[in-house]
Amino acid sequence: MRAKLAQLLFLGAATILYAQKDTIYHPIERVIINTAFSAKKTQIHTQSTDWLNHDAGKFLTETTEFSGIRKSGNYASDPVFRGFKYEQLNIIADGAQNAVQACPSRMDAPVSQINMNQIEKVEIYKGPYFFRFGSSIGATANFVSFKPEFSDGFKASGRLSTSYESNGSISRNEATLNLRSKNIISQFSGAYQKGEDYKDGAGNAVPAMFKRYNFGYKTIYRWSQDHYTSLQANTNQGRDTDFPALSMKLLYDKTWMFQLMHHSEFHHSLLKEFNFNAYSSAVHHSMGTENGSMVSDVSSGTYGLRSELKMMSGKHQFYTGLDYKNERAKNTSLTMAMAMPMMRDGTSWQDSGIFQLGWFNEYQYSLRQSRLKLSYRMDYNNSDASETAALFSQLYGKMNAQQLNHNISAGFEKIIDSHSQISFWLGRAQRSAGLTERFINKFPVGNDNYEYIGNPLLKPETNNQADLIYTMQLASAFYFQMDVFYSLMQNYISAVVRNDIKPTSMSSPGVRQFQNIGKAYRTGFESQIKWHISDIFHSEAAAAYTYAEDMANKNPLPEIAPVDVRWKLAAETEHFFASINYRFAGRQKRINPNFAETETPDFSLFDLHFGYKIFRGGHFGLDINNLFNRNYTEYLNRTLYANKMQRIMMPGRNVGVSYSYDF
């Protein structure tokens, strides 16, 4: 059993840490967006401004384990977990739904397509141990929407929320409407957010203009008490968004996502549950230079299926199922001014695609003082490209690749005494290279302005990992957990400079080719403490650190965040909440200069948060972030395109207010 503190609660515009014991049997964190201040029903239920958030990646960074690659001041943070990123992470909604990026530079990272105002919680499955929702060698983040609640009679309910932040003139608005009856639920949702440039702690303007809006509809039909089907459609629209780390800005991003789900429960048989999920997404993305001299339009599409059976008998529990995923990306048009002709061999995406068929299994056996969990997954992966560049034909001959990947894990938990338990996990997972790693054609996808070329002949990347977890709980007054991990990567995928290949752009220093470079390792820890001082006051702290190295040349792996420590002291009553939050991020001097990385100094931040229940259903929040106006940057912030020695700076002091009304 892995009991984990749920780490995030937002009150009004404020960010709050809280903890909750969750009895489950794999390494997981459940990040709850909306919850009570305590277990007492008399306590107020807060309205989270995270439902107003347009950046689901930024939401994940509110936990110490996650950091984010930032190429824009206020848009599309790309999550990093223990140094794992991009396709090493499995980012999904409701167990399956996802969208592959259309932009080669990931302006539209998959996590950016998550609509936070539809999300109840996020389940974070750490490590290569959980395979039911897809292949994952680093972690799985499953954004879970609200569970349907039917009503004997017709009922209408909803939510209206709005917020404003002073630094960047950021306004966010969202609304939901739920129409419920005995057998049918209709849900409507929408959000509109926009912002301007903000100022860092030194008073300098940081390009951060963005505009985003979304609409969604979901209908759920209950066939009987234990069987229901849902159909959902969402559209996400981004406009005129600055990306100062890139040579172009986002002109528009138009995404449509559809999902069909069915859930059945059975009570008097070996079979307990059946779940089916079908989904699709289409992304149309346009990016261009500030002066309009170059405009590039790209698109991507994803569709897939997932079915799962759950069986249970006595102390035995078993899941088995199949899933299928097909993703494709292509360039649709490129417009350039006559004054800047460019001789190019093929397109960036080469009209490339990957499909994967998976078979997954999970077995759990429970005893009185312990539990065993075994998991296995097998994936057949097939990739190809329809518009092959001459360079790729010369280097590789063929573009098609077929691979069979095996994933296996085992976990054992033992209750030591009435207050403590220990868990040990072992896993070995493989993943085939993604579209960028296989097929990108002379496009600057890294931080160093090199043009990258893919490699369709890459071997699957393998992660061999172990986690040792100790947990102690003293009633509801004190909680402590320590998680220590070690990861050994085989056929680690990185990018190597090819001096024999010339770049297309004169401004690029050269060309990098994705290659398997051998072995690399990661090790580190995460720790959490919660202390209930009294009925009113409680305090929490958390820390995370990852150390990573390329074993062949002894260089640090690129884009590894430094140590992160957080602490909170909070006071709460039935109608009022206040907290002070502190964060320390260490100096990062373990850099890889081969990828144009530079050191970053440490920094400390203080935030103040207040919330007040004005009346039933009405909540007001006040948030003062970066109280002392510290001028700082995150290590994973990308450098400016115009100045590779300067990272994107973070906002200075920022005052935010919010109001929400539930009806």
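Two strands are taken to pair if DSSP finds at least two bridges between them. Two bridges join strand 5 (residues 78–81) to strand 6 in the antiparallel sense, and Phe-81 stands opposite Phe-84 of strand 6. In general, the strands of a sheet are held in such pairs through backbone hydrogen bonds.

The protein chain has a mean pLDDT of 90, with 92% of its residues at 70 or more. Among its elements, the highest mean, 98, belongs to strand 13 (residues 198–199), and the lowest, 28, to strand 1 (residues 9–11). Over residues 1–26 pLDDT stays under 50, although the model has 139 contacts beyond four places in sequence for this stretch. Residues 34–47 also stay under 50, and for them the model has 39 such contacts, again beyond four places in sequence. Where pLDDT is low, the predicted coordinates should not be read in detail.

The last stop is the largest pocket, whose volume is about 1,100 Å³. It is lined by 40 residues, of which Phe-133, Val-144, His-263, Glu-273 and Asn-275 are the closest to its centre. Sorted by class, the lining of this pocket holds 15 charged, 14 nonpolar and eleven polar residues.

Definitions and conventions
Residues are numbered from 1 along each chain as its sequence is written. This is a predicted model: local features need pLDDT of at least 70, side-chain atom pairs count only at pLDDT 80 or more; totals for chains, interfaces and linings use all residues. Side-chain values use heavy atoms; hydrogens and water are left out. Helices (H or I, at least four residues) and strands (E, at least two) are DSSP runs, numbered from the N terminus. pLDDT is the predictor's confidence in each residue, from 0 to 100. Contact means heavy atoms within 4.5 Å. On a 1 Å grid over the protein atoms alone, a cavity is a set of points where a 1.4 Å probe fits but cannot get out, and a pocket is an open set with protein on both sides within 12 Å along at least five of seven lines; lining residues have an atom within 4 Å of a point. Grid points are joined across faces, edges and corners, and a volume is the space filled by probe spheres set on the points. Ala, Val, Leu, Ile, Met, Phe, Trp, Tyr, Cys and Pro count as nonpolar, Asp, Glu, Lys and Arg as charged, and the others, Gly among them, as polar.
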